[in-house]
There are 2 protein chains.
Amino acid sequence: MEVFKRVPEHIGIIPDGNRRWASRNKLDKKDGYKHGINPGFELYEMMLEYGIKEATFYGFTKDNNKREKGQRDAFTKACVDAVALLSGKDANLLVIGNTESTAFPKELLQYANKRINFGRGLINLNFLVNYDWEWDLKRLMKDQQLESHDIPRVDLIIRWGGCRRLSGFLPVQSVYSDFYIIDDYWPDFNKSHLVDALSWYQACDVTLGG
Amino acid sequence: MEVFKRVPEHIGIIPDGNRRWASRNKLDKKDGYKHGINPGFELYEMMLEYGIKEATFYGFTKDNNKREKGQRDAFTKACVDAVALLSGKDANLLVIGNTESTAFPKELLQYANKRINFGRGLINLNFLVNYDWEWDLKRLMKDQQLESHDIPRVDLIIRWGGCRRLSGFLPVQSVYSDFYIIDDYWPDFNKSHLVDALSWYQACDVTLGG
């Protein structure tokens, strides 16, 4: 195991490329999502090893709901299954997303806006489910706090699938984040991805804009 | 001149690396900023050629004001000189930043929160001067609109100097932006930088999160 002189406190995970992975493997696009669950679990185990204290997974967004029903069902199920797989382990789980819309899966209501602690509570794992950056900011306008106010500043954002953008991921918590892009698709997750990202991150000069 | 099948409407410019450029050239750090003015003018002329309709330059921020006085004076003067150089040409100029602080240069008050049109008005050029993302969002909380509400969504953000982060650049307008990072320092601006960025951008699939 590599030793890093500095690891991020909080990592943002944008697990993109599931549909492109499916097409490349001659599968229906919607069938990519279920191949993204095991990578999430592998990543969780690696983050424990490296002493990462918090991670936020970009599940799905209001924007994603514009896709066809088969895909919507598939990415929703993948989120539900991922949270189920990680519950009962050693992570404290929190789901942030608009629960007032029918697109929010009932199975995850128990984790919505309320962190549930499991086992030794070694890491905080947050999932953005039916998240919408505008909804997040509207609450700021109304109540002077974000809907996602329980999620702190993100130090490092890792995005799979090659696109170099945030796609609405936590705009306020990302103002000082460093971005690391992996060209491989998320279902092709490989341990070297996180090692490379952490290796790159330790050399970044964190100034918080100063 | 290259022909692109699709150019961004609005480019964000993060001209970083002035101090590192100065150190590498055995100059005092503060002396890097003045070498960043001419690159801005070259970039302006190139953007006209390529039909870019709007650009926002990251001048300096409240966070930057934590630096020593010599540097503060130098980056403030560079912003004032850059705007002066571009006034009277064919651009419509707008400055967004906290004018209530003494760090805001008086010379730029005439452009603050009010766009001034020059010549043929071929491009909108915005400058963030004494900008602060928290100040921008506080106005959203108070008046239901950003301080930077006159600046629209940014399509492509180009950052010089190798760091892969936003450093507080317009968090709301950047939610869907594509990021292009140039390792060279800003004073080493070269025409190929913009050409490479536009060439990369035309191949990005713009989905606005969908």
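Author: The dialogue below treats these topics in turn. Please bear in mind throughout that this is a predicted model.

Reader: Which elements make up chain A, and in what order do they run from the N terminus?

Author: Chain A holds five helices and seven strands. Read from the N terminus, the order is β-α-α-β-α-β-β-β-α-β-β-α.

Reader: Which sense of pairing joins strands E1 and E6 of chain A?

Author: Strand E1 (residues 10–15) of chain A pairs with strand E6 (residues 156–160) of chain A in the parallel sense, over five bridges. Within E6(A), A:Ile157 is the bridge partner of A:Gly12.

Reader: What is the strand order in chain B?

Author: In chain B the order is E4-E3-E5-E2-E1-E6-E7, an open sheet of seven strands with mixed pairing. Strand E1 (residues 10–14) of chain B runs parallel to strand E6 (residues 156–160) of chain B, and four bridges join them. B:Ile14 has B:Arg159 as its bridge partner in E6(B).

Reader: How many salt bridges are found over all chains?

Author: Side chains of opposite charge can pair when their charged atoms come close. The whole structure contains 32 salt bridges over all chains. One of them links A:Arg115 to A:Glu54, with the closest N and O atoms 3.5 Å apart. A:Arg115 is in the loop between strand E3 (91–96) and strand E4 (116–117) of chain A, while A:Glu54 is in strand E2 (residues 54–61) of chain A, so this pair ties together parts 61 residues apart in sequence.

Reader: How much area is buried between chain B and chain A, and which residues of chain B lose the most?

Author: An interface may be read by its area and then by its residues. About 2900 Å² is buried between chain B and chain A, with 54% from carbon and sulfur atoms. On the side of chain B, B:Met141, B:Arg164 and B:Arg165 lose the most area to chain A, together 25% of what that side buries. The contact involves 33 residues from chain B and 32 residues from chain A.

Reader: What polar contacts and salt bridges are counted between chain B and chain A?

Author: Two salt bridges are counted between chain B and chain A. A:Arg165 forms a salt bridge with B:Asp178, the closest N and O atoms lying 3.1 Å apart. There are also 16 residue pairs in polar contact between chain B and chain A, both residues being at pLDDT 80 or more. Helix H4 (133–143) and strand E7 (178–182) of chain B are the elements that give two or more residues to the side touching chain A. By class, that side of chain B has 16 nonpolar, nine polar and eight charged residues.

Definitions and conventions:
Residues are numbered from 1 along each chain as its sequence is written. Chains are lettered from A and ligands numbered from 1 in the order in which they are written. This is a predicted model: local features need pLDDT of at least 70, side-chain atom pairs count only at pLDDT 80 or more; totals for chains, interfaces and linings use all residues. Side-chain values use heavy atoms; hydrogens and water are left out. Contact means heavy atoms within 4.5 Å. Buried area is the accessible area (1.4 Å probe) that two parts lose on being put together, summed over both. A salt bridge is a side-chain nitrogen of Lys or Arg within 4 Å of a carboxyl oxygen of Asp or Glu. A polar contact is a pair of N or O atoms within 3.5 Å; within protein, one must be able to donate a hydrogen and the other to accept it, and residues adjacent in sequence count only if both atoms are side-chain atoms. Ala, Val, Leu, Ile, Met, Phe, Trp, Tyr, Cys and Pro count as nonpolar, Asp, Glu, Lys and Arg as charged, and the others, Gly among them, as polar. Two strands pair if DSSP finds at least two bridges between them.
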